[in-house]
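Please open the structure in a viewer and keep the sequence beside it. The stops below say what to select next and what is there.

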Amino acid sequence: MVIDIHAHYPRGEADFPQRLVELLPAAGIDRIVLFSAGEDFGHASNATILAAARAYPEQIMAFALVELGQDEPECIDRYVAAGYRGFKITNPRSAYDDERYFPIYERMAQTGLPLLAHTGILMRIAPRAGVRVNSNWMRPVCLDPVLRAFPQLNIIGAHLGVPWHEEASMMARIHPNYYVDLTGAWWGGWRANKTADFYRSHFFWENAWDKVLFGTDILALSELLPAKKVHDDLLRPLNLPAATLERIYGGTAARLLGLKHG
């Protein structure tokens, strides 16, 4: 089973779920996790994404966007009761390790569901009153105190923390509950000039690739096939064992999501 752990739903496209499900077989993807980064990024709402997951429960899973610095811890209970399969955080009002957010992380940890966190430089968005963007608040190392305080909370750091790649890979090495994805723009993004040796240098320890999950980071349907190809192409030169590739493309994600894998 191939699981895309990182994808988005564009705002204002009501038929997106149906067209996505129809396209998944061509990409060789069995299940896909959708979540929002918020309206500032042109993404659909949590509720819209959950409706898609309910309409196509065998293909689509919804993560709930939790807005740090705005949402209260009680929202986690509501999201779980509604049927979300995990959580997403991005663009916090202060650094991820701000202890004011720890009650939210604690609630997340109690659910047993995974958290996908944007890590690294955040794309530019239109200025909005009361919202300050600081990519430094989303460095991988800002999650270090969170992982230590809540060892039962599995966190997936997106984009290998670009440009703080070594922080991200060392976090994955040190913390049993920290994972990464290699997502970026479908045309290659930060990955475009990375060689096989780059990946070997960052994932050098035994079973290191068990901490890497496949994702496409799509927003438009036209991105799905090329995004899958980019990921395939960057892994191919590494000549990883078939069992390792199976875990990257779905096995590890299935375990974190509590799915039966096969």
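Angles between axes of over 145 degrees count as roughly antiparallel, and angles under 35 degrees as roughly parallel. The model shown here is predicted.

**First stop: helices H8 and H9**

Select residues 224-235, which form helix H8, and residues 242-257, which form helix H9. At what angle do the axes of H8 and H9 cross? They cross at roughly 155 degrees and come within 13 Å. Because an angle over 145 degrees counts as roughly antiparallel, H8 and H9 are roughly antiparallel to each other. The crossing of these two helices, H8 and H9, is right-handed.

Now show the side chains where the helices touch. On H8, pick Lys228, His231, Asp232 and Leu235; on H9, pick Leu245, Ile248 and Tyr249. These residues make the contact. By type, the residues in the contact of H8 with H9 divide into 4 nonpolar, 1 polar and 2 charged.

**Second stop: helices H3 and H4**

Next select helix H3, residues 74-82, together with helix H4, residues 102-111. The axes of H3 and H4 come within 8 Å and cross at roughly 30 degrees. That angle is under the 35 degrees cut-off, so H3 is roughly parallel to H4. H3 passes H4 in a right-handed crossing.

Which residues of H3 and H4 meet? From H3 come Glu74, Ile76, Asp77 and Val80, and from H4 come Ile104, Arg107, Met108 and Thr111. The residues of the contact of H3 with H4 divide into 4 nonpolar, 1 polar and 3 charged.

To see the surroundings of Leu20, show Ile32, Leu34, Ile60, Ile218, Leu221 and Leu224; Leu20 is in contact with them, leaving aside its neighbours within four places in sequence. In soluble globular proteins, nonpolar side chains tend to be buried together.

Move to Pro10, in the loop between strand S1 (3-7) and helix H1 (16-27). Is Pro10 buried or exposed? Pro10 has a relative accessible area of 7%, and as buried means under 20%, Pro10 is buried. Not counting residues up to four places away in sequence, Pro10 touches Phe16, Gly42, Ala44 and Leu219. For a distance to check in the viewer, take the C-alpha atoms of Pro10 and Ser135: they are separated by 23 Å, and the two residues are 125 residues apart along the chain.

Select His202, which has its place in helix H7 (residues 196-202). His202 counts as buried because its relative accessibility is 10%. Show His165, Glu166, Ser169 and Met170 as well: His202 touches them, not counting residues up to four places away in sequence.

**Last stop: Arg132**

Finish at Arg132, in the loop between strand S5 (115-117) and helix H5 (144-149). Arg132 has 55% relative accessibility and therefore counts as exposed. Leaving aside neighbours within four places in sequence, Arg132 is in contact with Asn91, Pro92 and Trp137. How far apart are the C-alpha atoms of Arg132 and Asn91? They are separated by 8.4 Å, with the residues 41 residues apart along the chain.

How values were computed:
Residues are numbered from 1 along each chain as its sequence is written. This is a predicted model: local features need pLDDT of at least 70, side-chain atom pairs count only at pLDDT 80 or more; totals for chains, interfaces and linings use all residues. Side-chain values use heavy atoms; hydrogens and water are left out. Helices (H or I, at least four residues) and strands (E, at least two) are DSSP runs, numbered from the N terminus. Buried means under 20% relative accessible area, exposed over 50%, partly exposed in between (1.4 Å probe, protein chains only). Contact means heavy atoms within 4.5 Å. Axes are lines fitted to C-alpha atoms, for helices over the stretch in contact, and angles run from 0 to 180 degrees between N-to-C directions. Angles under 35 degrees count as roughly parallel, over 145 as roughly antiparallel, 65 to 115 as roughly perpendicular and the rest as oblique. A crossing is left-handed if the near helix is turned anticlockwise from the far one by less than a right angle, and right-handed if clockwise. Ala, Val, Leu, Ile, Met, Phe, Trp, Tyr, Cys and Pro count as nonpolar, Asp, Glu, Lys and Arg as charged, and the others, Gly among them, as polar.
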